[in-house]
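Please read these notes with the model open beside them. They take up a pocket and then a sheet.

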Amino acid sequence: MTSTFTLGDRTVSRLGYGAMQLAGPGAFGPPKDHDAALTVLREAVASGVNHIDTSDFYGPHVTNRLVREALHPYPDDLVIVTKIGARRGPDGSWRPAFSRDELRLAVHDNLRNLGLDALNVVNLRVMFSAHGPAEGSIEAPLTTLAELQRQGLIRHIGLSNVTPTQIAEGREICKIVCVQNHYNLAHRVDDALIDELAGGGVAYVPFFPLGGFTPLQSSTLSNVARSLDATPMQVALAWLLRRAPNILPIPGTASVAHLRENLSATELDLPNEATALLNGVTANIGSSD
């Protein structure tokens, strides 16, 4: 199992860090403990993480400012990936922000709050449905991002919450270096897509790799973890890392202890029998199995 993969024009460790949980509940508002959030970010980088996923709509503006406060000036090998295409309502709701002006504003907000002259990777978050990927043309918003890329404000472009049809459409407009969709041990709609992207050297970044707001619950997962003297979340991450070489999980946490637990998943060797059992887990999060 390889420990690194190419993301844009940089080589990153396959297990990264997602900053969403550093904001308040539901990724809205400030963190419960500001200093603890800074400590987690610094510990992640000190532990070898060089791929951090964030967005200015976490908070909003909270996680990007935390990333800057904790880590700027950034290490040369650190790849910060952000997302645009959404905004937050006063009640914390998630709303599409897909117009040309909204996308341009979002890029400039990310640049300012992260303290960067150019964004490493920007994912276009597609929000045609609140329940997951839904068909619809992404030509107009992606063309806007491609223009910003030509202006030097964005180095690389990715897509988030998208269908294979939208990825194909996107590739006609610009190079797509990564896809960020919902995927984990119990949610495997993208199995075929992951394999197709792996063949083309495109990174696949699963969000909610540990279930997100609904943590993974599986008797098989618990049993395998017990047999390996590991936690269920460590096993779930190890399974993702073994699933395909282009998968770059970005588990998030606001706890240094949980961060260290997650990162140690790279050292967990899943036996073939355990992998076979995990491959049989059903796609019903919260089921007995």
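1. By class, seven nonpolar, four polar and six charged residues line the second largest pocket. Here Ala, Val, Leu, Ile, Met, Phe, Trp, Tyr, Cys and Pro count as nonpolar, Asp, Glu, Lys and Arg as charged, and the others, Gly among them, as polar. The model is a predicted one: local features need pLDDT of at least 70, side-chain atom pairs count only at pLDDT 80 or more, and totals for chains, interfaces and linings use all residues. Residues are numbered from 1 along each chain as its sequence is written, and side-chain values use heavy atoms, with hydrogens and water left out.

2. The volume of this second largest pocket is about 240 Å³. Its lining has 17 residues, and those closest to the centre are His61, Ala86, Arg87, Ala106 and Asp109. A pocket is an open set of points on a 1 Å grid over the protein atoms alone, where a 1.4 Å probe fits, with protein on both sides within 12 Å along at least five of seven lines; lining residues have an atom within 4 Å of a point. Grid points are joined across faces, edges and corners, and the volume is the space filled by probe spheres set on the points.

3. Which elements give two or more residues to that lining? They are strand 5 (79-84), strand 6 (86-88) and helix 3 (100-114). Helix 3 supplies the largest share, five residues. Helices (H or I, at least four residues) and strands (E, at least two) are DSSP runs, numbered from the N terminus.

4. An open sheet is formed by seven strands in the order 3-4-5-8-9-10-11, with parallel pairing. Two strands pair if DSSP finds at least two bridges between them. Strand 3 (17-18) and strand 11 are the edge strands, each pairing on one side only. Strand 3 pairs with strand 4 (residues 51-53) over two bridges, and Gly18 stands opposite Asp53 there.

5. Strand 10 (residues 176-180) has five of its five residues buried, that is, under 20% relative accessible area with a 1.4 Å probe and protein chains only. Three bridges join strand 10 to the parallel strand 9 (residues 154-160), with Ile176 as the bridge partner of Ile157. Strand 10 also pairs with strand 11 (residues 203-204) over two bridges, in the parallel sense, and Val179 stands opposite Tyr204.

6. Strand 9, helix 5 (residues 164-171) and strand 10 make a right-handed β-α-β unit. The β-α-β crossover from strand 10 through helix 6 (residues 191-199) to strand 11 is right-handed. Right-handed means that, with the strands pointing away from the viewer, the path from the first strand over the helix to the second runs clockwise.

Notes:
Buried means under 20% relative accessible area, exposed over 50%, partly exposed in between (1.4 Å probe, protein chains only).
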